[in-house]
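Student: Please take me through one part of this model closely, beginning with a single side chain and its partners. Then show me what lies around it.

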Amino acid sequence: LYHSRFESDKTDAKNILLDALRLTQPSFNITQFMTYKYSFIELRILLLYSILLAEEKELSLSTKILYFILERLKKGAPTPYQMFLLVKIYTNICYNYHLEDAHKKVLLVADEALAFCLEKETTHGLNSLYYRKGIAEYHLKNKNYMSSLFRSFFILKLTGKEDLLAIDQKVTKEQYGIEIPMEY
């Protein structure tokens, strides 16, 4: 249901996620999400819910939830899986700001996330972060936007993700009029 393209399935997915949170917190209300304590799996459920909210253009609430989870997971030494989730959260925050045309905020979050990845020596999600950064730089008329996009595409090529590379190149050309040379 979560990955379905049908709106009714998305609604069902949201309801199932809320029901899951209500298993341990029967009075759970999404508008009061900050008042509850969460286990790791509950934070993961909340993350999925926030992504569905963003798809429904409820960007403000989605972003608040993402920052809330980010702060909880950053406490202490994150496990490899928590680092994976942290990068996913950063990427979704960038995307929410992109949808709001808040390109300066995209840059700030992307740079923070990239610094996090370097500090933790993880390459997970770098292509997405560099892509969001490049598109934000493009919108802000920063002449260095191609450098960020090249990095994103190079990482995809380096890691053998040719299908995703082709999709990203197509979307970049169709939505932004940016053509990336095949050799970078």
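Tutor: Start with Lys74. Its relative accessibility is 32%, so Lys74 counts as partly exposed (buried is under 20% relative accessible area, exposed is over 50%, partly exposed is in between, with a 1.4 Å probe and protein chains only). The model is predicted, so local features need pLDDT of at least 70 and side-chain atom pairs pLDDT 80 or more, while totals for chains, interfaces and linings use all residues. Residues are numbered from 1 along each chain as its sequence is written, and side-chain values use heavy atoms, without hydrogens or water.

Lys74 has a partner. Its side chain meets that of Glu112 in a salt bridge, 3.4 Å from N to O (a side-chain nitrogen of Lys or Arg within 4 Å of a carboxyl oxygen of Asp or Glu). This pair links distant parts of the chain: Lys74 sits in helix H3, Glu112 in helix H5 (residues 103-120), and 38 residues separate them. Helices here are DSSP runs of H or I with at least four residues, numbered from the N terminus. Glu112 is partly exposed too, with a relative accessible area of 38%.

By the same rule, the count comes to 7 salt bridges. One of them pairs Glu56 with Lys14, at 2.7 Å from N to O. Glu56 lies in the loop between H2 and H3, and Lys14 lies in helix H1 (residues 7-24), so this bridge ties together parts 42 residues apart in sequence. Lys14 is buried, with a relative accessible area of 12%. Glu56 is partly exposed at 26%.

Lys173 and Glu179 form another bridge, with their closest N and O atoms 3.6 Å apart. Lys173 is partly exposed at 46% relative accessible area. Glu179 counts as exposed at 56%.

Now the loops. Lys57 lies between helix H2 (40-55) and helix H3 (59-74). Its phi is positive, about 70 degrees, although Lys57 is not a glycine. At 59% relative accessibility, Lys57 counts as exposed. Lys141 also has a positive phi, near 60 degrees, and is a residue other than glycine. Lys141 sits in the loop between H6 and H7. Its 72% relative accessibility makes Lys141 exposed.

Helix H7 covers residues 145-158; at 1.5 Å a residue, its 14 residues should span 20 Å, and its end C-alpha atoms are 20 Å apart, which agrees. The expected span is 1.5 Å times one less than the number of residues. Ser148, Leu149, Ser152, Phe153, Ile155 and Leu156 are buried in H7. They cover an arc of only 155 degrees around the axis, which puts them on the same side of H7. The arc is taken from the directions from the helix axis to the C-beta atoms. An α-helix has 3.6 residues a turn, so residues three or four places apart point the same way.

What do the buried residues of H7 pack against? They pack against helix H6 (126-139) and helix H8 (162-176), with contact meaning heavy atoms within 4.5 Å. Just after H7, Gly160 takes a positive phi of about 75 degrees.

How values were computed:
Helices (H or I, at least four residues) and strands (E, at least two) are DSSP runs, numbered from the N terminus.
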